[in-house]
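Dear colleague,

I am handing over the structure we spoke about, so that you can look through it yourself before reading on. Please open it beside this message and keep both in view.

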Amino acid sequence: FFKYPTRIVAGVFVLVIIIYWLGILLICGTIQILHSFFIVLNAISKFIEIDYEDLSAMNVIASVSLAVSISNSLAHIFVAMRNYRYHMLKIYQGDKSFLLSVTSASPQYVMTSSMIYPGYQIAFMMWGMVISFAFTLVTGLVVNEAIGLIILLGQADKALRLLGQLIVFPITLVLLFYVQVFISENLFLQDRLNYHDRYKPLNVNNRKLYELVSYYSMFANMAVGLFTCFFRIALNALFGIFFVDRLDTSVFTRDMEHLDSGHRAYVSMLLVDNAHNNPCMRVFTHLLWTRALAARFKLRQQTEPGCRDETGPSACGSQVENCWIAAGAAETTVDGQNGAGGYGSNMMFCDIKNFAVSTPAKIRWFLAYTLLHNPQLLRLRK
């Protein structure tokens, strides 16, 4: 059972409210700007012919852009919540391989970065929503105006022919890639070791032919690289625009993640939460504190005169099989003083020092500990 911290739940609630009001502000401001723009054009209509149908088209594009930006932000909130749970569970299991080098930073730096995270999350979400809305709006307006201008000038046939010529090049490159895949599968890879294997082993069969084809295909792959490089730049720009509000993952490469201050704040928050909410640590401290309280109440029953009075109900509690039922124990603080606002309920503290542990329980404990540190042994168990 995983329970989200109150800070995370409150942050999500604040983000949803901000997305709602920011969406209203964006759509109202955009429509007002578009209307003002057409009013200015109307004032100089003697020089410019105005098509008022464009105004309705722009309103539709603005609405679609707002829907895209809101959906993108809400999806990122959901993914961030899911990844927070996934990352915390991995840290609880001792796996910190996905974390940054911030794990070796000083504690005061990590603590400060963790306090920065809630503010960063809200600010990044606002900027991400604004940037995605602006990008979608500008892209839609440019495409709409370009299509309208082409139709107005009667150049639709020429534009379609040009588009077909541009598409031929990437299609040819994709076909060339799959031709190389076919050649690799049928000429360069050895046969399957077993009939039921899905893939062939990664072993070169015709090494001389492989080196020859690799050399001469270098020139064709240069053309593929030109298109792939442009496609990579476009994808990086697109991901940078729509994923700028994601702090649970960095938009930078793995070796440059330390430059992402937002992701550093997220990792610092994970480390602080693990330091205070790790279930193993909490159970361990609970056992230590329970044993200390049990010893304290046992000593109290033995030393205080009021606790040894057998004529009536004890004010300190009663003992049942190495356990002490402390009356009003919830009102006792750590330093032994009576705390204000106690609940006045009875609590049971057991001294586990003298408890007998059965042999099957020991065997099961050692088995669980062994399997936890050697998960590959699970497949060998019947």
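This is a predicted model: local features need pLDDT of at least 70, side-chain atom pairs count only at pLDDT 80 or more; totals for chains, interfaces and linings use all residues.

The protein chain contains eight helices and three strands, and when it is read along the sequence the elements follow the pattern α-α-α-α-α-α-α-β-β-β-α. Of its 382 residues, 25% count as buried. If you consider the contacts between residues at least 6 apart in sequence, 62% of them join residues at least 24 apart.

The UniProt record, which is an unreviewed entry, lists residues 12-40, 60-79, 126-154, 166-183 and 218-244 under "transmembrane region". Two of these stretches can be compared with the model. Over residues 126-154 the chain is 97% helix and 0% strand, with 42 Å between the end C-alpha atoms, while over residues 166-183 the chain is 100% helix and 0% strand, with the end C-alpha atoms 27 Å apart.

Now to the helix pairs. Two packed helices are described by the angle between their axes and by the distance between those axes. How do helix H4 and helix H5 pack, and at what angle? Helix H4, residues 156-188, and helix H5, residues 207-242, pack at about 160°, and their axes lie 10 Å apart. Because angles over 145 degrees count as roughly antiparallel, H4 and H5 are roughly antiparallel to each other. Their crossing is left-handed. On the H4 side the contact is made by residues including Phe-169, Pro-170, Leu-173 and Phe-188, and on the H5 side by residues including Leu-209, Tyr-210, Val-213 and Phe-227. By class, the residues of this contact between H4 and H5 are 13 nonpolar and two polar, with no charged residue.

The second pair is helix H3, residues 107-153, and helix H6, residues 261-277, which pack at an angle of about 125° with their axes 7 Å apart. That angle makes H3 oblique to H6, and here H3 passes H6 in a left-handed crossing. Among the residues that meet are Tyr-109, Met-111, Tyr-117 and Phe-124 in H3, and Arg-264, Tyr-266, Met-269 and Val-272 in H6. The contact of H3 with H6 has 11 nonpolar residues, five polar residues and one charged residue.

Definitions and conventions
Residues are numbered from 1 along each chain as its sequence is written. Side-chain values use heavy atoms; hydrogens and water are left out. Axes are lines fitted to C-alpha atoms, for helices over the stretch in contact, and angles run from 0 to 180 degrees between N-to-C directions. Helices (H or I, at least four residues) and strands (E, at least two) are DSSP runs, numbered from the N terminus. Angles under 35 degrees count as roughly parallel, over 145 as roughly antiparallel, 65 to 115 as roughly perpendicular and the rest as oblique. A crossing is left-handed if the near helix is turned anticlockwise from the far one by less than a right angle, and right-handed if clockwise. Contact means heavy atoms within 4.5 Å. Ala, Val, Leu, Ile, Met, Phe, Trp, Tyr, Cys and Pro count as nonpolar, Asp, Glu, Lys and Arg as charged, and the others, Gly among them, as polar. UniProt positions are given in the numbering used here, feature names are shortened, and annotations may be inferred rather than shown by experiment. Buried means under 20% relative accessible area, exposed over 50%, partly exposed in between (1.4 Å probe, protein chains only).
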